[in-house]
Amino acid sequence: MRFKLSLGAVAIAATALITSAALAVTKGPVTDDLGVVELPAGAPMPIGLYWVISGADAALGIDSKRAVEIALKDLGGKIKGRDVQLYEEDDGCNAEGGQTAGTKLAAVPNIVGVLGGVCSSATTAAAPILWKQGILNICTACTAAKLTAPDRKPDYAGFMRTIYSDADQAANDAKWFREGLKCDTLATIHDGSPYAQGLAEDAGKNFVALGGTLVAAEAVTPTDVDMRPVLTSIGTKKPCVLYFPIFIASGAQIAKQVAEIADLKDTHIIGGSAMQAPAMLEAAGDAAKGLRITNVDTSLLGSKYPEFVKKYEADYGEKPIQSFHAMAYDAMMVLAAAIDKVAVEDGGNLYIGRKALRDAAFATKGMEGISGAINCNEHGSCGAFNFAVYQFTDGNPATFETGKNPVKIYP
């Protein structure tokens, strides 16, 4: 089985190959409005991956990568009788990295589809580049609401995701702040990324719609170290909840410094799902103990999920290190099923229409994924959201295990 990564020889200079998708093309027995992938007899099937696999947020990408590898094993290492060749890019969880990753993957000859990313900032940049070449992009953990909004730009017509939308999480978060914590006032902090900014803003709007008051909406940068000025400013408002759905580096600084702000001693300190990883404990240490995080409820995933976890632990010597592996596994299965549906073999060659593949993937309904039922709509939104709150009980990274540290405390 050919699982190893092999993009190194593809130069960024190949961006010159990226042009607008051609009109209808016929290759072999297949005609398609966006073009046809032709895989010669015996050639492997190229599939692209992009996500963050280095730095503080690497757990997001590593977890997804492992899930895709397990999915490929479950498929016998083949799709439509072809070995799968993976081309992986580290997008750095930022727009620049996403642009580079999208450009390089779009230049891979005969690439069939792309899975990723896990960060909305990278995906927002990569998806349009891929779609200009008619390449289907299935996201595994990017949740920014605008990516699958009804009014999204045509550049995202080839983008879909097996993860939920932040619009769903924002509504649930706000409801818990108001009804679960009985809070009247909310302060938020985002880091300017599409994920964090969109989620914080939407949670604030939902909170206000439920009768609460948004007393502060602040922003930091992912590289900020001294959070005391912004925390002190927020402290003067004495909010009932301080909500900061940001990434690990800056999130850990807030977790460590918030205890120094006397005006926030009675405030509920709530982080976001990107911080639910061993790296958060490495960065924040004992300051993470007691921190609560809103996230998807991993105890309510599909019936096949426990079996997946056993495979994960057997292959990698530890339990899953983030929360979105199930969605990555399911993304691989959605892509494989769509390829199997539309690919045509003729004379030993395999032909895959790009628009046909996109349409088949978007038509996915009733698939039993390990994240639950996969039902895609016309905007590419396929995942459902079940709300939960987790709390870290120990600052030692070695104790990280979703369900234990952090432990689910609601519902």
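These legends describe close-up views of one predicted model. Residues are numbered from 1 along each chain as its sequence is written, and side-chain values use heavy atoms, with hydrogens and water left out. Because the model is predicted, local features need pLDDT of at least 70 and side-chain atom pairs count only at pLDDT 80 or more, while totals for chains, interfaces and linings use all residues.

**View 1**
A pair of aromatic rings is described by the distance of the centres and the angle of the planes. Rings of Phe, Tyr and Trp (its six-membered ring) pair if their centres lie within 6.5 Å; planes under 30 degrees apart count as stacked, over 60 as edge-to-face and the rest as tilted. By this rule there are 12 aromatic pairs. One of them is the tilted pair of Trp-176 and Phe-177, at 6.0 Å centre to centre and 50° between the planes. Both Trp-176 and Phe-177 are buried; buried means under 20% relative accessible area, exposed over 50%, and partly exposed in between (1.4 Å probe, protein chains only). Ring pairs join Trp-176 and Phe-177 with Tyr-164, Tyr-243, Phe-385, Phe-387 and Tyr-410 in a cluster.

**View 1. The ring pair of Tyr-312 and Tyr-316.**
Tyr-312 and Tyr-316 form an edge-to-face aromatic pair, with 5.4 Å from centre to centre and 65° between the planes. Helices (H or I, at least four residues) and strands (E, at least two) are DSSP runs, numbered from the N terminus. The two tyrosines are about one helical turn apart because they are separated by four residues in helix H9 (residues 305-316). Tyr-312 is buried, at a relative accessible area of 0%, whereas Tyr-316 is partly exposed, at 24%.

**View 2. Arginines over phenylalanine rings.**
A charge sits over a ring if NZ of Lys or CZ of Arg is within 6 Å of the ring centre and within 35 degrees of the ring normal. Arg-178 lies over the face of Phe-207, 5.8 Å from the ring centre. Arg-358 lies over the face of Phe-362, 3.6 Å from the ring centre.

**View 3. Helices H4 and H5.**
Helix H4 (residues 166-180) packs against helix H5 (residues 194-209) at an angle of about 45°, and their axes are 8 Å apart. Axes are lines fitted to C-alpha atoms, for helices over the stretch in contact, and angles run from 0 to 180 degrees between N-to-C directions. H4 and H5 are therefore oblique to each other; angles under 35 degrees count as roughly parallel, over 145 as roughly antiparallel, 65 to 115 as roughly perpendicular and the rest as oblique. The crossing of H4 and H5 is right-handed; a crossing is left-handed if the near helix is turned anticlockwise from the far one by less than a right angle, and right-handed if clockwise. Contact means heavy atoms within 4.5 Å. Among the residues that meet are Phe-177 and Arg-178 in H4 and Asn-206 and Phe-207 in H5.

**View 4. Gly-204 in helix H5.**
Gly-204 lies in helix H5 and is buried, at 1% relative accessibility. Leaving aside neighbours within four places in sequence, Gly-204 is in contact with Leu-186 and Leu-214. The C-alpha atoms of Gly-204 and Ala-187 are 8.0 Å apart, although 17 residues separate the two along the chain.

**View 5. Helices H1 and H10.**
Helix H1 (residues 58-74) and helix H10 (residues 325-342) pack at about 40°, with axes 8 Å apart. H1 and H10 are therefore oblique to each other, and H1 passes H10 in a right-handed crossing. Residues in the contact include Ala-67, Val-68 and Ala-71 of H1 and Tyr-329, Met-332 and Met-333 of H10.

Most residues other than glycine have a negative phi, and most peptide bonds are trans. Asn-110, which is not a glycine, has a positive phi of about 65°. Asn-110 lies in the loop between helix H2 (95-106) and strand E7 (113-116) and is partly exposed, at 32% relative accessible area. Lys-182 has a positive phi near 60°. Lys-182 is in the loop between H4 and strand E10 (185-190) and is exposed, at 64% relative accessible area. A cis peptide bond, with omega about 10°, joins Asn-405 and Pro-406. Pro-406 is in the loop between strand E19 (387-391) and strand E20 (407-410). The bond from Tyr-410 to Pro-411 is cis, with omega near -5°, and Pro-411 is in the segment after E20.
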